[in-house]
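I opened this model to see how its chain is put together. These are my notes, in the order I looked things up.

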Amino acid sequence: MWVMEGEDFVGEVDSWSRAFQFGDGLFETMLIEDGCCKAIKLHVQRLTKGLNALQIPLPEEDLQCMLQS
């Protein structure tokens, strides 16, 4: 499938990919109080489990770095 921006061709997408057909993705809603995320360890565990289940690679910066800040 061609990807167009206005009248400009900007690339192609494999329209048979699961992500394109079904919009695979993952999100977490996090409570922030006083600039800190509550229960960050549980969020990181769920995000990691969900990404693995969907076979989505971890971000370049591993989720564990969130726990160190």
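**Entry 1: contacts and overall make-up**

I started with contacts (heavy atoms within 4.5 Å). Among those in the protein chain between residues at least 6 apart in sequence, 21% join residues at least 24 apart. This is a predicted model, in which local features need pLDDT of at least 70 and side-chain atom pairs count only at pLDDT 80 or more, while totals for chains, interfaces and linings use all residues. Residues are numbered from 1 along each chain as its sequence is written, and side-chain values use heavy atoms, with hydrogens and water left out.

Next I looked up the secondary structure. Helices (H or I, at least four residues) and strands (E, at least two) are DSSP runs, numbered from the N terminus. I found two helices and four strands in the protein chain. Read from the N terminus, their order is β-β-α-β-β-α.

**Entry 2: confidence**

I checked pLDDT, the predictor's confidence in each residue, from 0 to 100. The protein chain has a mean of 80, and 78% of its residues reach 70 or more. Where is confidence lowest, and where is it highest? Helix α1 (residues 18-22) is lowest, at a mean of 70. Strand β3 (residues 32-33) is highest, at 90.

**Entry 3: surface and burial**

I took accessible areas from the Shrake-Rupley method with a 1.4 Å probe; for residues, only the protein chains shown count as cover. The protein chain exposes about 6000 Å². Carbon and sulfur atoms supply 55% of that area.

For single residues I used relative accessible area: buried is under 20%, exposed is over 50%, and partly exposed is in between (1.4 Å probe, protein chains only). Of the 69 residues in the protein chain, 10% count as buried.

**Entry 4**

I moved to the start of the chain. Two strands pair if DSSP finds at least two bridges between them. Strand β1 (residues 2-5) and strand β2 (residues 8-12) pair in the antiparallel sense, over four bridges. Their hairpin has two residues between the strands, and Gly6 there takes a positive phi near 65°.

I then followed Gly11, which lies in strand β2. Val3 stands opposite Gly11. Is Gly11 buried or exposed? Gly11 counts as buried, at 16% relative accessibility. Leaving out residues up to four places away in sequence, Gly11 touches Met1, Trp2 and Val3. The C-alpha atoms of Gly11 and Met1 are separated by 8.7 Å, and the two residues are 10 apart along the chain.

Phe9 is also in strand β2. At 45% relative accessibility, Phe9 counts as partly exposed. I looked for patches, which are made of residues with over 30% relative accessible area and no salt bridge: like charges are joined within 9 Å, nonpolar side chains (Val, Leu, Ile, Met, Phe, Trp, Tyr) within 5 Å. Trp2, Met4 and Phe9 form a nonpolar patch on the surface. Together they have about 370 Å² of accessible area.

**Entry 4: salt bridges**

Side chains of opposite charge can pair when their charged atoms come close. My rule for a salt bridge was a side-chain nitrogen of Lys or Arg within 4 Å of a carboxyl oxygen of Asp or Glu. How many salt bridges are there? The count comes to two.

One joins the side chains of Glu28 and Arg46, at 3.1 Å from N to O. Glu28 is in the loop between α1 and β3 and Arg46 is in helix α2 (residues 40-53), so this pair ties together parts 18 residues apart in sequence. Glu28 is partly exposed, at 24%. Arg46 is partly exposed too, at 42%.

Glu33 and Lys38 also meet in a salt bridge, at 3.7 Å from N to O. Glu33 is partly exposed, at 39%, and Lys38 is partly exposed, at 38%.

**Entry 5: His43**

I looked up His43, in helix α2. His43 counts as buried, with 5% relative accessibility. Which residues does His43 touch? Not counting residues up to four places away in sequence, they are Glu28, Thr29, Met30, Cys37 and Lys38.

Ala39 has a positive phi of about 55°, although it is not a glycine. Ala39 is found in the loop between β4 (36-37) and α2. It counts as partly exposed, at 45%.

Gln55 is not a glycine, yet has a positive phi of about 55°. Gln55 is in the segment after α2. With a relative accessible area of 71%, Gln55 is exposed.
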